[in-house]
Amino acid sequence: MLCASLPGLSHQQMLVGGAVKELSAAMASLNVYSRCGFDGRVGCWIGNEKGRWNKLAAASTMAPKKRRLSISPLASSALAETPYTSRAEFYHEVLNDAREKFTQEISFQSKDKDISLAKALLYVASEDEAFMAFNREMDAHSLQIERRSASLASHATDWTCVEAMPLAGKNMNEWMVELDVIAREVEAELVSREIGCDLVEVLDAVNMVLFKSRGFKRSPVLVDSKCAYLHSVLSSGYCSAILLSVIYIEVCRRLNLTIVGSRVGEDFLIWPQTGNPEELFKVISGHSLFGIVNGKCVDDPRAKASDINSNSLPGLELATNRDIIGIALANLMRLHWKRASRANHGLMLTSPLRSVDHADDKSSKTSCLNVPLLRPQDLRLAIMASERLLILQPHNWALRRDHGMMLYYSREYEEAVQELSICMAFAPEEEAEVLEPFVEKLHLLRVESSWKSPGKKGHLTVS
């Protein structure tokens with residue numbers, strides 16, 4: 001069913017001796033991947049005489065300057081003592097390159113129709129894969145140190161840019177070519193039928209190649225990260241509904257056929273842009289072409305998609321390419337958050353907010369800021385997804401709140417205070433009132449944590 005629900009454990013091993021300092025310093029260099037600028041309104045929590053958010057600070061701030069990669073002095077000195085300095089810097093450059101190119105691809109300065117869904121989502125996959133690849137190298141290195149039975153493997157790579165980075169055996173350009181190959185298979189199917197360019201026949205040929213020849217299958221519930229990245233979907237054929245929509249759109253684009261889509265309830269439906277939608281709903285062999293493209297959701301009486309017909313179809317609001325990328329990122333963020341919080345059943349991003357809001361005494365207010373342990377790698381991947389989503393939707397206060405809460409769970413209190421403070425400037429008054437006491441407590445927690453570990457914080461930043 002083509003439906004998109006708008007929904008990260010580092011494998012760091014126990015080390016001995018000097019290996020602990022070596023790996024922790026290298027990991028710190030990638031543990032916090034800083035955010036790109038989202039808009040011109042930048043502010044932070046400022047405690048005035050009433051301890052309230054100073055909205056003027058956000059409104060009057062000048063637009064941020066162009067940011068560049070830099071390394072804090074503490075992290076730089078720590079990394080200089082480790083053999084993994086070059087590896088950490090190398091992977092961070094890849095992360096930075098992937099993020100910059102993703103931002104360029106979805107830039108609001110370019111026309112939406114010129115955005116490549118495939119390129120944007122492959123940049124997302126490249127950034128996440130670079131982060132996980134570095135973690136795997138650190139794990140392997142720590143294991144070798146523990147065993148002390150083998151020499152360290154060489155970590156030389158034969159690729160120098162994000163486009164050449166291997167993703168499931170192929171680089172980014174080769175995955176783009178894979179979409180071209182699928183389109184040529186559709187053309188061959190049409191030639192074998194000896195037909196012209198009739199719309200229904202073209203769609204039927206696309207369905208034949210994707211669902212029968214290639215064996216693509218929709219995952220009803222997004223539980224596997226392999227279903228959430230475009231390269232792994234193209235490799236395995238097992239995918240989330242929104243990524244199957246992306247593949248369908250990209251293949252048809254190569255056939256000069258425009259496919260559009262719209263969010264309908266919890267579903268995301270796609271169909272060819274046509275002046276005669278009636279032909280999409282003609283039942284052939286027990287199924288309409290609209291149903292074959294969108295899956296069983298159009299026949300499910302519990303779904304709003306079942307109410308769509310040829311008359312209501314033109315009235316749906318069409319999703320832009322940026323909207324579609326946003327849905328894919330939202331799914332990715334929610335997937336990694338669920339994986340990160342798996343050991344804390346029922347934990348919600350906003351749970352601490354309600355705890356502070358309804359706390360009756362000082363002890364309960366303090367206890368509600370005890371951060372539960374989450375899987376750090378999956379949590380970082382969720383944060384990275386929300387960072388990219390904020391580039392698309394900088395004024396979405398709910399998204400910024402969720403992003404700030406994930407930073408809180410990651411114990412990045414300073415960054416969390418800033419994001420949640422900015423959120424208060426955008427949020428409705430009642431939501432800002434819920435956020436205010438939590439941000440006040442978080443501000444104090446940030447100060448307290450700086451007292452407990454003076455001079456120990458060092459990580460790569462973007463300035």
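Student: Which side chain meets R254 in a salt bridge?
Tutor: A salt bridge puts a side-chain nitrogen of Lys or Arg within 4 Å of a carboxyl oxygen of Asp or Glu. For R254, the N to O distance is 2.5 Å, and the partner is D180. The two sit in distant parts of the chain, R254 in helix α9 (residues 241-254) and D180 in helix α6 (residues 172-193); helices are DSSP runs of H or I, at least four residues, numbered from the N terminus. The partner asked for is D180.

Tutor: A note on the source: this is a predicted model, where local features need pLDDT of at least 70 and side-chain atom pairs pLDDT 80 or more, while totals for chains, interfaces and linings use all residues. Residues are numbered from 1 along each chain as its sequence is written, and side-chain values use heavy atoms, without hydrogens and water.

Student: Is E419 buried or exposed?
Tutor: E419 forms a salt bridge with R400, at 2.8 Å between the closest N and O atoms. Buried means under 20% relative accessible area, exposed over 50%, and partly exposed in between (1.4 Å probe, protein chains only). With a relative accessible area of 2%, E419 is buried.

Student: How many disulfides does the structure hold?
Tutor: A disulfide needs a pair of cysteine sulfur atoms within 2.5 Å. The sulfur of C227 has its closest cysteine sulfur in C239, 7.1 Å away, so that pair is too far apart for a bond. For the whole structure, the number of disulfides is 0.
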